[in-house]
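I set down here what I looked up in this structure, entry by entry.

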Amino acid sequence: MSSTYDIVVIGSGVGGSAAALRLAASGLSVLVLERGVSLPREAENWSAEEVFVKRRYIARGETWSFNGGAPELPLAYYNVGGASKLFGGVLIRLRERDFDEIAFPEGVSPAWPITYADLAPYYDIAEGCFGVHGLAGEDPTEPSRESPFPFPPIAHDGRVAGVIDGLRLAGLKPFHLPLSLKQHPGGNCIRCGTCDGYPCRVDAKGDAEVSLLNKALEHPSITLWTQAKVERLRLESGSDRVSHIEGNRGGSPFSVSAKIVILAAGAINSAVLLLRSADGRFNAGLANSSGMVGRNYMTHNSSVLMAFSPRRMDISFQKTFGINDYYFGDAAYPYPMGNAQMIGKLQPAMIAERTPYLPNFLRREAVRHSIDWYLQSEDLPNPASRVAVGTDGRIRIDRRLSNLEPHRQLVARISAQMRRLGFPLIMTETLGAKTTSHQCGTVRMGHDPATAPLDSYCRSHDHANLFVVDASFFPSSAGVNPALTVAAQSMRVVDHILATDFR
């Protein structure tokens, strides 16, 4: 196969799909390349056993090495919509201070080459596309905004509302999580317990496919190829511009060319593709004259916390509120600690691996008595934390855990609050280096080509027609979910491309 397009987008996750939707009205010919297929709508979508134990939807065609260990299946998802097909629907803006330099005990979270004001109008647009439910004015760290949320906040379960009341009495300011779920009039969300980490069988979750790509594909100028794995980017002879995208589609090789290439394969795979595209002039990989491609890999320092009550909670849909009172520190600990939010309701199968000696009927009873949190703190950029390609061609992840003390402080505060509210037993699990959710930072943006592969519009300093719009571009991880920022910056980048490259 050989074709020519105005723009080729590699990857259909949040960044790629947001770019496709923003390009849809331009009339330009756009090809979206996705290595996977659409996830099937099937009964197994809502089975904890299938999703979390049998890992039905993870990628099966490759193994990765983590911190020098034996090769293993990664928690990677290759499908239309990317990892957003399994996200919990939280779409939260970075705080205004997240764009500035912030000091931590172990180092510095660097300033971004853009400000919150640069993204603010695109945050508004992205929230509209995703149909976000929320309520402005509750979150003490909330950034300024011009528009209200598109839909009112999602109501709390009765038991959850009681916990919120208790937190407010302690002086905290719980806020409604901004959620992309179809719980508005005409929506089809049934408030089930299988949202966070599961595909949605009825498409009631506003993932990238549902909220962005499907709308883009309504325009005849947008084309989607599935089962199209990109293997290499080729440069034009005698030029620094990318001329061809080569890969394999359903067993057949393909080569397509484009005036502009938008890479959005995820922070790990975007870096890997650039490294694998090395040629005689760019022998360290494309966009890599700085030597920073693959480096400064971040996720978040994250933990799952289960707080158990003597009385049954019997909560089905609990992911409706968060706490940012500790986001930038408190009087006792002046460093940013991060965000605390409800996680989708844990099920017996999801804790079986951690409780091997517990009979399943006791696991069922335990989750009926628990309320479950997801806690996340900033992971600092470190050049030694990197994504690389081994001599055997296998993806290698080397992550240096850092900035753990602020996260321990956050876990301690939430644990103390829950004990005070009558949850005497607390169990926590800190997610380790193999966790790839919220991956970011491997192809970061910055003003200086010597230290950053991309400029402030995510254009490669080395290749004028190459852009990277997944969370690779993050200079820092901040302390909140990255998806909305990816979508907002992707749309901002597309507007820049249309204004400068297709005048």
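I took helices (H or I, at least four residues) and strands (E, at least two) as DSSP runs, numbered from the N terminus. The model is predicted, so that I required pLDDT of at least 70 for local features and 80 or more for side-chain atom pairs, while totals for chains, interfaces and linings use all residues. Residues are numbered from 1 along each chain as its sequence is written, and side-chain values use heavy atoms, with hydrogens and water left out.

Entry: backbone. I looked up glutamine 227, in the loop between strand S7 (222-225) and strand S8 (228-235). Glutamine 227 is not a glycine, yet has a positive phi of about 55°. I classed burial by relative accessible area: buried under 20%, exposed over 50%, partly exposed in between (1.4 Å probe, protein chains only). Glutamine 227 counts as partly exposed because its relative accessibility is 46%. I then turned to asparagine 67, in the loop between strand S3 (65-66) and strand S4 (102-104). Asparagine 67 also is no glycine and has a positive phi, of about 50°. With 42% relative accessibility, asparagine 67 is partly exposed.

Entry: valine 304. I found valine 304 in strand S11 (residues 301-308). Its relative accessible area is 17%, and therefore valine 304 is buried. Contact here means heavy atoms within 4.5 Å. Beyond neighbours within four places in sequence, valine 304 contacts Ile343, Leu346, Trp373, Met427, Thr428 and Glu429. Valine 411 is 107 residues away from valine 304 in sequence, and their C-alpha atoms are 9.3 Å apart.

Entry: helix packing. I fitted axes as lines to C-alpha atoms, for helices over the stretch in contact, with angles from 0 to 180 degrees between N-to-C directions. Helix H1 (residues 14-23) packs on helix H10 (residues 483-500) at about 40°, the axes being 8 Å apart. H1 is therefore oblique to H10, as angles under 35 degrees count as roughly parallel, over 145 as roughly antiparallel, 65 to 115 as roughly perpendicular and the rest as oblique. Among the residues making the contact are Ala18 and Arg22 of H1 and Val486 and Met491 of H10.

Entry: cores. I defined a nonpolar core as buried Ala, Val, Leu, Ile, Met, Phe, Trp, Tyr and Cys residues joined through side-chain atoms within 4.5 Å. The largest has 101 residues, and Ile7, Ile10, Leu33, Leu233 and Ile262 have the most contacts inside it. H10 gives the largest share of this core, nine residues. Another core, of 25 residues, lies apart from it and includes Phe321 and Tyr333.
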